[in-house]
Amino acid sequence: MPTHTFNLNGESVTVETEDDVRLLWVIRDILGVTGPKYGCGINVCKACTSHINGKAFNPCSVPVGEISADDEITTIEGLADTVDADLHPMQEAWIDKDVAQCGYCQPGQIMAAVAKVRQCADEGRKLDDAAIEEIRNICRCGTYNRIREAIYAGAENM
C-alpha cells in the first residue's frame with residue numbers, strides 16, 4: 001500500500017492508504033482529526049474547509065495522492081497555533097458574536113473566513129461585503145448575519 005507524508009497542523013504525518021482516498025477521510029478516519037466535517041463530499045457545502053499552504057481548500061475533493069510532503073495542511077485544530085495563541089482572533093470573534101447554533105459548519109466557516117481575510121490583504125483590497133460574499137460555505141442554521149459580523153471583528157485583530 002502506498003505511503004503518504006505531509007504536514008498536518010505543524011507536524012509531519014505519514015499514512016498508508018491508496019492514492020485515491022480523499023484527504024478528508026485520511027484526516028478524520030486515519031489521523032483522528034475531526035474538526036473538518038463531512039457534509040457533501042463534492043466540494044459544495046464546504047463544511048470541511050481547511051488550509052493548504054495558507055489557502056482555503058476542501059479536503060473532501062482532493063485525493064491524498066495529490067498532497068506532497070511539502071504541503072502544510074491546517075485544520076481548525078491547528079489554527080490558533082498559526083498565531084501562537086490559545087485561540088485565533090477569528091475564533092475569538094466567533095465566540096464574541098455568538099455565531100454558532102448547531103455548530104456543524106463553523107470550523108469550515110472560520111477557516112474560510114481566515115483565508116479570505118488573508119487573500120484580501122495579499123491582494124491589497126479591502127475586506128468588504130463583496131469579498132465576504134465570495135465565501136461559499138453553507139450554514140443550514142442561517143447565521144449568515146452573525147458570520148459576517150464575526151468576520152469583520154476577527155479581521156480587525158488579525
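The entries below go from the ground rules to the individual contacts.

**Ground rules.** I am working with a predicted model, in which local features need pLDDT of at least 70 and side-chain atom pairs count only at pLDDT 80 or more, while totals for chains, interfaces and linings use all residues. Residues are numbered from 1 along each chain as its sequence is written, and side-chain values use heavy atoms, with hydrogens and water left out.

Over residues 75-151 I read 56% helix and 0% strand, with the end C-alpha atoms 18 Å apart. Helices (H or I, at least four residues) and strands (E, at least two) are DSSP runs numbered from the N terminus.

**Helix H3.** I next asked which residues of helix H3 (residues 89-96) are buried. They are Pro-89, Met-90, Gln-91, Ala-93 and Trp-94, where buried means under 20% relative accessible area, exposed over 50% and partly exposed in between (1.4 Å probe, protein chains only). Their cover includes helix H2 (76-79), helix H4 (106-123) and helix H6 (144-156), with contact meaning heavy atoms within 4.5 Å. After H3 comes Asp-98, which has a positive phi, near 50 degrees.

**Salt bridges.** Side chains of opposite charge can pair when their charged atoms come close. Counting a side-chain nitrogen of Lys or Arg within 4 Å of a carboxyl oxygen of Asp or Glu, I get six salt bridges. I returned to Asp-98 and saw that its side chain meets that of Arg-146 in a salt bridge (4.0 Å, N to O). Arg-146 lies in helix H6 and Asp-98 in the loop between H3 and H4, so this pair ties together parts that are 48 residues apart in sequence. Asp-98 is exposed at 51% relative accessibility, whereas Arg-146 is partly exposed at 25%.

A second salt bridge joins Glu-134 and Lys-116 (2.6 Å, N to O). Because Glu-134 sits in the loop between helix H5 (129-133) and H6 and Lys-116 in helix H4, the pair ties together parts 18 residues apart in sequence. I noted that Lys-116 counts as buried at 9% relative accessibility, while Glu-134 is partly exposed at 38%. Both belong to a network of salt bridges that links Lys-116, Glu-123, Arg-125 and Glu-134.

I also recorded a salt bridge between Glu-133 and Arg-148, with the closest N and O atoms 2.2 Å apart. This pair links helix H5, which holds Glu-133, to helix H6, which holds Arg-148, 15 residues apart.

**Rings.** Rings of Phe, Tyr and Trp (its six-membered ring) pair if their centres lie within 6.5 Å, and planes under 30 degrees apart count as stacked, over 60 as edge-to-face and the rest as tilted. By this rule I count one aromatic pair. The rings of Trp-25 and Tyr-38 have centres 4.9 Å apart and planes at 45 degrees, so the pair is tilted.

Last, I looked at Ile-42, which lies in the loop between helix H1 (23-30) and strand E3 (50-52) and is exposed at 61% relative accessible area.
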